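This report describes pockets, cavities, charged side chains and backbone angles in one protein model.

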Amino acid sequence: MSTKKRVVSAALAAAVGVSLLCGFGFAKKEYVYQQFETAEPVTSVTVQDASANVTIQAADTDHITVRYGTLPDEEPLYDISVQDGRLVVKARDDVDVDTTDDDGPALVRVRIEGHSMNPWSDRELTVTLPDKQYEQLEAGLAVGTLKVEGVDAKTLSAAAAAGEAEVSDVQAGQLELSSAAGKVILRDTWAQKVEVGAAAGSLQLEGVEADELSVGSAVGGASLKQVTAGDLEIASALGSLKLEDVWADTYTKAGLILHTSGQIQKR
């Protein structure tokens with residue numbers, strides 16, 4: 001599936017998901033924090049949440065820590081487990097967050113079954129991992145902010161349906177980063193193959209180096225600064241493009257790009 005088709009599909013998914021979330025009013029809540037720790041060896045990580053500010057980070061530690069906020073006397077919010085070398089952190093809400101598509105790229109589909117959830121939650125979830133290489137890291141979020149920092153993974157996928165998705169200071173063999181309705185940020189990253197997409201929102205790439213780099217949006221602007229790629233593909237259904245210190249061996253541009261500033265230089 002092309003980047004252009006993928007981000008347009010994500011826009012439709014976001015529209016459905018956000019329409020289901022609108023109309024609820026919530027007062028600011030005071031949270032208490034719960035913590036899960038394990039020293040079991042882990043090679044893969046999966047994090048799926050419904051509505052929160054999620055951070056997944058690597059640190060100089062020999063164990064895994066999962067820290068999250070709950071309301072007083074609230075039931076556990078997450079199912080957390082380690083099995084066959086895989087850490088799984090999954091929200092217990094009646095919300096299904098799916099971050100994969102049949103063709104592999106990160107799309108987010110949200111299904112809500114009679115559950116009223118805060119679309120702008122200030123709840124926090126922080127997953128801290130030992131600083132090593134992982135086979136796979138997959139993170140999906142329905143509403144909120146999603147950040148992945150300092151992680152080394154052969155395959156890394158991060159997707160938010162409605163909110164901001166940011167990946168920084170990572171190394172990856174294959175990296176997929178997307179948001180259906182929100183801002184997407186990728187900075188200080190090296191990867192062999194990178195796909196970055198947003199349906200309705202802005203894309204910001206800075207300090208990125210990749211053998212293959214695909215950047216696509218349905219509606220919104222894209223900014224590339226200090227970006228180096230072997231093969232570079234930029235697609236936009238409707239938007240603007242800002243280029244600063246961008247280098248590529250080969251590149252293609254597709255779609256309707258209303259305004260372009262700067263140029264792509266031959267590496």
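## Basis of the description

On a 1 Å grid over the protein atoms alone, a pocket is an open set of points with protein on both sides within 12 Å along at least five of seven lines, whereas a cavity is a set where a 1.4 Å probe fits but cannot get out; lining residues have an atom within 4 Å of a point. The model is predicted, and local features need pLDDT of at least 70 and side-chain atom pairs pLDDT 80 or more, while totals for chains, interfaces and linings use all residues. Residues are numbered from 1 along each chain as its sequence is written, and side-chain values use heavy atoms, with hydrogens and water left out.

## The second largest pocket

The second largest pocket is lined by Lys 193, Val 194, Glu 195, Glu 212, Leu 213, Ser 214, Asp 231, Leu 232, Glu 233, Thr 250, Tyr 251 and Thr 252. Two or more of these residues come from each of strands E12 (184–200), E13 (203–219) and E14 (222–261); strands are DSSP runs of at least two residues, numbered from the N terminus. E14 provides the largest share, 6 residues.

The pocket holds about 170 Å³, a volume being the space filled by probe spheres set on grid points that are joined across faces, edges and corners. Its lining comprises 4 nonpolar, 3 polar and 5 charged residues. In this scheme Ala, Val, Leu, Ile, Met, Phe, Trp, Tyr, Cys and Pro are nonpolar, Asp, Glu, Lys and Arg are charged, and the others, Gly among them, are polar.

## Cavities

The whole structure contains 5 cavities of 30 Å³ or more. The second largest cavity has a volume of about 60 Å³. Of its 13 lining residues, Ser 217, Ala 222, Ile 234, Ser 236 and Ser 240 are the closest to the centre. E14 gives the largest share of this lining, 7 residues, and the lining divides into 7 nonpolar, 6 polar and no charged residues.

## Salt bridges

A salt bridge is a side-chain nitrogen of Lys or Arg within 4 Å of a carboxyl oxygen of Asp or Glu, and the count by this rule is 4. One of them joins Glu 166 and Arg 187, with the closest N and O atoms 2.8 Å apart. Glu 166 belongs to strand E10 and Arg 187 to strand E12, so the bridge ties together parts 21 residues apart in sequence. Glu 166 is buried at 11% relative accessible area, while Arg 187 is partly exposed at 25% (buried is under 20%, exposed over 50%, partly exposed in between, with a 1.4 Å probe and protein chains only).

Another salt bridge pairs Asp 249 with Arg 267 at 2.7 Å, N to O. Asp 249 lies in E14 and Arg 267 in the segment after strand E15 (264–266), 18 residues apart.

## A buried aspartate without a salt bridge

Asp 49, in strand E2 (residues 44–59), is buried yet has no salt bridge, and the nearest side chain of opposite charge, Arg 123, is 6.7 Å away. Lys and Arg count as positive and Asp and Glu as negative, with His and the chain ends not counted. The side chain of Asp 49 does make a polar contact with the side chain of Tyr 78 at 2.6 Å. Such a contact is a pair of N or O atoms within 3.5 Å; within protein, one must be able to donate a hydrogen and the other to accept it, and residues adjacent in sequence count only if both atoms are side-chain atoms.

## Positive phi angles

Most residues other than glycine have a negative phi. Asp 169, which is not a glycine, has a positive phi of about 55°. Asp 169 sits in the loop between strands E10 (152–168) and E11 (171–181) and is exposed at 53% relative accessibility. Asp 245 has a positive phi near 55°; Asp 245 lies in strand E14 and is partly exposed at 37%.

Key. Helices (H or I, at least four residues) and strands (E, at least two) are DSSP runs, numbered from the N terminus.
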